[in-house]
Amino acid sequence: MKVIVSLLVSFLLAFLFASLPFAQDHIINPVVTIRLSQPTILSAVNDTISWSSVQHAESYRIRWRPSSGGRRNYKTVSAPTTSYRFTQLSRGIEYQVQVQARSSNSRHRASAYSQAETIHIPELKTLAKPDLRHISGGTVAWDKVNGAISYLLHLNDRGDISLKRLPESREQHTFPNLLPGRAYEIRILAMGDRVNYKRFGPWSDVVEVRLALPPTYTPVPTDTPTSTPTDTPTSTLTDTPTSTPTDTPTNTPTDTPTNTPTDTPTPTNTPAPPSAPNLRLSNITDNSFRMQWDQVTEADRYEIQGGFIRRWHDVGRGTSHRISGLDAGTTYTMQVRAKNVHGVSPAAAASALTLPAAPRSPSANMITLDSIVLNWGKVKSAVSYEVNGGSLSNWLDVGDVASYHFTGLNQSQTYSLQVRARNASGVSASASVSATTLTPTDTPTPTPTNTATHTPTPTATNTPTPTDTPISTDTPVPTATPLPTDTPVPTDTPVPTEIPKPDPPDPPKKTDPPDPPKKTDPPPPKKTDPPPPKKTDPPPTVSCSKHGGPWVQSWLASCSEDSTVQHVIVRETCRVQLQHYKCTDGSSYNERTSSVECSSVQTTGEC
């Protein structure tokens, strides 16, 4: 028997040792989940943030959205990186940024998001327009531009463009190898650091440089002297008596031809390039405008430049051209020049500011029975914003703000609220959102009404007086005939006062009681009839006036991330609407709003 028992014990011990690894894995060493530490944002400068390193973190999740409200954005970076530079933020807008530590290890849970920090990328400043001037020969000069890190010099030689970048210390430049008699167009712009200033400033006015031709000496024609013919003297025949006169032929003088001076041909004027056209910009939208210029008689074609057109572009014989694909709320400078076979004209320039973009991400918030707050994101170049909808019949300029409170609305009605931006060129397209005002609940309305009806009608208490007598089920009252026969006795109000006294004991109902009430006969106790309603309402009467008359307060919370709202309860206490919301993740919050005058309302309960 002992052998059998020892064998059984050995078998059991072997079984336990064989199953020990399984027990260790599944029972002895359970997995323990640890929440990672919350990171801390160390700095938020311009477009870059940095945060503290968290132990066991394998990545960090950054989330951000505009401070004025809007959609959240997310970005994940791998550890050990503890900084991030934003490249997609709009300048001039504040953003709220948070960081969360994460791990793929099942033993570590993601941390809570860090405290929100504000980042703001300021608008880049525009560099000033340089003042370019011609000194002499091929030399031009300009004044230094504040904020410039370099200058870009542009030379146009009959359509052949050359660019030269100069350091910010330079204030003049000489172009070598310029040909005499040829017209060159020169202009300059300042370049910024793209941190505080934009990369390119506006072009200066075009300066035309033309080197003088070397002097040439044209021979002056001299008059050839005219030879004047000399008259030859005529020989006179003398009669000789001794000889017979013989006729001698007279020599006739011949006129010598006069040399006529030849006139030097007058040089003809060399054909010149056309004159500059007159440019104007019209039909401005948020992404386009139209260039228009006057026709130049001697021009064969036209060229334009500016905006994203970096080089001169031939647009043919037309006198207008549409420029599209531009950025909203941006100033563009365009140029046009005429050309023919003899050269190009000086350039004519004009600038235009495109319309702003529509306000971003409009949203309706703080919705009550008769009001809605409209929020939106600001846009580039806007100087003010206009709203419409609700109780407004026309557009209303509300200034350079990012929200507007619509009031005087009807309950349970849907409104379309609109907003648009304005700058120096006009207004943008409108952005809209629809919202419905809250619906009042029926429960709170009858409560103050009932209390009001009982209080002001003391005369109506006479009717409950006769009803009180039947309520008292004392049959001896009708048997006492002497009491009803005395007509003055029932008319006297003391009878109802007796009713509370006889309730505990029956003896007072005898003939003795009628006399004492007549002596005490107090009409004032009738005024104290309201106490019976107080018995039905155990809580003491509370006046809302204790809270300072009109009570206008509101509380608003929100569900946690990745959780939606479920509306659970809507009730009112002391004409104060309380809405209770429940989130899908189990959390909840209340939103309480009121705009009702409570100082004259008497009710029971808590205000």
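How many bridges join strand β26 to β29? In this predicted model, four bridges connect β26 (residues 372–377) with β29, and the two strands run antiparallel. Strands here are DSSP runs (E, at least two residues) numbered from the N terminus, and two strands pair if DSSP finds at least two bridges between them. Strands of a sheet pair through backbone hydrogen bonds, either parallel or antiparallel. The open sheet has three strands in the order β25-β26-β29, with antiparallel pairing. Its edge strands, β25 (360–365) and β29 (403–406), each pair on one side only.

The model is predicted, and local features need pLDDT of at least 70, side-chain atom pairs pLDDT 80 or more, while totals for chains, interfaces and linings use all residues. Residues are numbered from 1 along each chain as its sequence is written, and side-chain values use heavy atoms, with hydrogens and water left out.

The structure contains 13 salt bridges (a side-chain nitrogen of Lys or Arg within 4 Å of a carboxyl oxygen of Asp or Glu). One of them joins arginine 337 and glutamate 185 at 3.4 Å, N to O. Arginine 337 lies in β22 (residues 331–340) and glutamate 185 in β15, so the pair ties together parts 152 residues apart in sequence. Arginine 337 is buried, at 0% relative accessible area, and glutamate 185 is buried at 8% (buried means under 20%, exposed over 50%, partly exposed in between; 1.4 Å probe, protein chains only). Salt bridges with shared partners join Glu185, Glu303, Arg337 and Lys339 into one network.
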